Amino acid sequence: METFNEIKSRQFQAMLEPAQDKLKKYSPEDICKKANITYNESEKTFCIQSMGKNIFVHYPDFVVEQSLEMWHHLTLLQYMDTADGAPLTGRWKSLQQMRGSFARGSGFDKDIGIMFERYFSDITEEEFRSACERLGGVVVDGKADVSVIIPYAPMFKVLVNFWEGDDEFPASGKVLVDENAEHYLEIEAAGGACSAVIMEIKKNLPAKAEFEIL
């Protein structure tokens with residue numbers, strides 16, 4: 001019987017090869033232009049900035065150099081394929097407002113709201129802001145206690161809004177995407193990308209000290 005990791009690896013490979021094959025119809029110049037990424041001709045390598053890191057993708061096999069979480073890996077390849085070069089508007093909308101995605105987007109919005117309450121209820125504004133900045137986030141003015149734009153990919157940016165919890169209410173938050181988000185990721189990948197941003201914020205929070213009660 002296959003283990004969970006073996007099943008996951010098999011599923012990953014089954015999705016990875018078609019994703020790589022779809023990209024082989026484009027030239028490096030086309031991909032760079034539409035996805036706003038760079039290409040090093042001498043090293044035959046694309047560079048994608050994602051959540052504060054440079055991710056390298058080799059050409060022409062489209063193998064990702066780093067070891068990434070499965071969905072992060074696949075979503076960046078999908079971004080390279082879906083991107084069409086449409087300009088970002090600087091205007092924001094929820095996932096459920098993405099074209100043709102009300103039901104699925106609403107589910108993502110709800111799940112992400114639960115993640116805020118679960119992961120950030122004992123986190124201060126300063127801690128949350130610092131974690132976001134470690135991911136390349138840029139703090140902007142907003143109605144939330146903290147509003148930060150985090151680039152999941154160069155043309156797929158996520159606006160994260162966070163309200164600090166208190167004795168009466170738990171922490172809360174929401175994520176928004178650019179009005180032209182569907183020009184870079186379809187709803188399933190977009191929802192996964194937004195969830196991944198929240199998980200990366202959680203990973204970058206300071207470890208809470210544990211004190212032994214004597």
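Leaving out residues up to four places away in sequence, I found Thr75 touching Tyr152, Leu185 and Ala189. A reminder to myself: this is a predicted model.

I then asked where Thr75 sits, and the place is helix H3. Is Thr75 buried or exposed? I got a relative accessible area of 7%, and the cut-off for buried is under 20%, so Thr75 counts as buried. I also looked at its side chain: a polar atom there lies 2.6 Å from the backbone oxygen of Trp71.

Next I turned to the sheet. I traced 5 strands in an open sheet, ordered E4-E8-E7-E6-E5, with antiparallel pairing. Which strands stand at the edges? They are E4 (92-93) and E5 (138-139); each has a single partner strand, so one side of each is left without a neighbour in the sheet. I followed E5 to its partner and found E5 and E6 (residues 146-153) joined in the antiparallel sense over 2 bridges. In this pair, Val138 is opposite Ile149 of E6.

Two helices came up as I looked at what packs on the sheet. H3 (residues 70-82) touches E6 and E7 (156-163), and its direction makes about 75 degrees with that of E6. H5 (residues 125-133) touches E5, E6 and E7, and its direction makes about 20 degrees with that of E6.

My last stop was Asp109, which I located in helix H4 (residues 102-120). Which residues is Asp109 in contact with, leaving aside neighbours within four places in sequence? I noted Ser94, Leu95, Gln96 and Val175. I also checked Asp109 against Phe128: they are 19 residues apart in sequence and 19 Å apart in space, C-alpha to C-alpha.

Note on methods
Residues are numbered from 1 along each chain as its sequence is written. This is a predicted model: local features need pLDDT of at least 70, side-chain atom pairs count only at pLDDT 80 or more; totals for chains, interfaces and linings use all residues. Side-chain values use heavy atoms; hydrogens and water are left out. Two strands pair if DSSP finds at least two bridges between them. Helices (H or I, at least four residues) and strands (E, at least two) are DSSP runs, numbered from the N terminus. Contact means heavy atoms within 4.5 Å. Axes are lines fitted to C-alpha atoms, for helices over the stretch in contact, and angles run from 0 to 180 degrees between N-to-C directions. Buried means under 20% relative accessible area, exposed over 50%, partly exposed in between (1.4 Å probe, protein chains only). A polar contact is a pair of N or O atoms within 3.5 Å; within protein, one must be able to donate a hydrogen and the other to accept it, and residues adjacent in sequence count only if both atoms are side-chain atoms.
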